[in-house]
Amino acid sequence: MNGKMSRYYIVGFKKRRIGYYVEKTGLELRRGDLVIVQAERGYDLGYIVGEIRYEKIPKDAGNLSLEILRLATESEKEALLRLRNEEAEALDECEEFVVFRGLKMKLIDAEYQFDKGKLTFYFTADNRVDFRELVKDLAAHFRTRIELRQLGVRDETRKLGGFGPCGRELCCTSFLISFESISTQFIQEQNLAVNPTKLSGVCGRLMCCLAYEQPFYKECSEKYPKVGEKITTDEGEAEIIAIDYLRERLNLKFPDDRYKTITFKEWKLIRRRGRNVVKIDEK
């Protein structure tokens, strides 16, 4: 180790596929650097996404003993471009074998390991696919180790790419490293209307951007009252019908269809006094 401390990096490959690798020789690596890394068998070429602390690496990250060997040379960078063309051809050839075998699967992408020691085909399918015979066909044809990997709808969208309703490139194809679990609880805590057409991404799942401000809304939901709760004011009982977290306002509705707004500070005063009474000034 030459007296150097091990450092861990996120390394990216084709279409946002990532891996976690250790660097032991003291290389000064920066985001975007192309590097040669160990593979399970042979070696691969990827780019530095960023450094990561060991304790932050996900538990399902796989083999963490694989190393970053060195920076890629100019000739290796050129070879990578040629490899991309070969992958496109391999995808077309694999499609012919899929049709021949009558398999119900949709091919998405092909990716060579840089040393061509492995060729991975990514696909989607509605049901489980028995592709054992297909693997034999492909191994004999390409004369390398073959791996077929089934993708979910989010991973499929990441590989295909596209643009979101916001007009920007999809988050999963531009900067997201890993997917976060998005639940309908996010919609409730952010006081959003349940509208699948507006809250679903290109993949058909809830949009990843719902998670960006979730910590803020979660914190607010824990200290604010809930929509639907009733409070007693000097003008009578009212129901909380909406909460504006950003402006720190609570909208109230009275039984006679009158509407009023109070501030969060006024609500805290209610709790401090231990009773649901607050004076509401005319607006």
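Analyst: We will go through sheets, rings and cysteines in turn. One point to keep in mind from the start is that this is a predicted model.

User: Let's begin with sheets. In what order do β6, β7 and β8 lie in their sheet?

Analyst: The general idea comes first: strands of a sheet pair through backbone hydrogen bonds, either parallel or antiparallel. Here the three strands make an open sheet in the order β6-β7-β8, and the pairing is mixed. β6 (106–112) and β8 (145–150) are the edge strands; each has a single partner strand, so one side of each is left without a neighbour in the sheet. On average, neighbouring strands of this sheet are turned by 20° against each other, direction ignored.

User: How many bridges join β6 to β7?

Analyst: Six bridges link β6 with β7 (residues 118–124), and the two strands run antiparallel. As an example to find on screen, K106 stands opposite T124 in β7.

User: Which strands of this sheet does helix α1 touch?

Analyst: Helix α1 (residues 74–101) packs on the sheet and touches β6 and β7. The direction of α1 makes about 140° with that of β6. Helix α3 (residues 153–160) also packs on the sheet, touching β6 and β7, with its direction at about 60° to that of β6.

User: While we are at α3, is K159 buried or exposed?

Analyst: K159, which is found in helix α3, has a relative accessible area of 7%, so K159 counts as buried. Leaving aside neighbours within four places in sequence, K159 is in contact with K14, K15, I108, D109, Y122 and L151.

User: How far is K159 from the ring centre of Y122?

Analyst: K159 lies over the face of Y122, at 4.0 Å from the ring centre. You can compare that view with K116, which lies over the face of Y112 at 4.8 Å from the ring centre.

User: K15 was among the contacts of K159. Where does K15 sit?

Analyst: K15 belongs to the hairpin of β1 and β2, which has five residues between the strands, and K15 takes a positive phi near 55°. The bridge partner of Y8 in β2 is V22.

User: What else pairs with β1?

Analyst: β1 also pairs with β4 (residues 43–52), in the antiparallel sense and over five bridges. In β4, I48 is the bridge partner of V11. Five of the six residues of β1 (residues 7–12) are buried, so β1 is largely enclosed by the rest of the structure.

User: On to aromatic rings. How many aromatic pairs are there?

Analyst: The count comes to ten aromatic pairs. For each pair, look at the centre distance and then at the angle between the planes. The ring centres of F216 and Y217 are 5.2 Å apart and their planes are at 75°, so this pair is edge-to-face. F216 is partly exposed at 34% relative accessibility, whereas Y217 is buried at 12%. Both belong to one aromatic cluster formed by F216, Y217, Y224, Y245 and F264.

User: And cysteines: how many disulfides does the structure hold?

Analyst: A disulfide is a covalent bond between the sulfur atoms of two cysteines. The structure holds zero disulfides. For C171, the closest cysteine sulfur is that of C209, at 6.0 Å, too far for a bond. C171 is partly exposed, with a relative accessible area of 23%, and C209 is partly exposed at 36%.

User: Which residues does C171 touch?

Analyst: Not counting residues up to four places away in sequence, C171 touches L176 and Y212. C171 lies in helix α4 (residues 171–174). To place it in the fold, note that C171 and I243 are 72 residues apart in sequence and 29 Å apart in space, C-alpha to C-alpha.

Key: Residues numbered from 1 in each chain as written. Predicted model: local features only at pLDDT ≥ 70, side-chain atom pairs only at ≥ 80, totals over all residues. Heavy atoms only, no water. Pairing = 2+ DSSP bridges. Helix = DSSP H or I, 4+ residues; strand = E, 2+ residues; numbered from the N terminus. Axes fitted to C-alpha atoms, helices over the stretch in contact; angles between N-to-C directions. Contact = heavy atoms within 4.5 Å. Phe/Tyr/Trp six-rings, centres within 6.5 Å; stacked < 30°, edge-to-face > 60°. Buried < 20%, exposed > 50% of the residue type's maximum accessible area, 1.4 Å probe, protein only. Lys NZ or Arg CZ within 6 Å of the ring centre and 35° of its normal. Disulfide = S-S within 2.5 Å.
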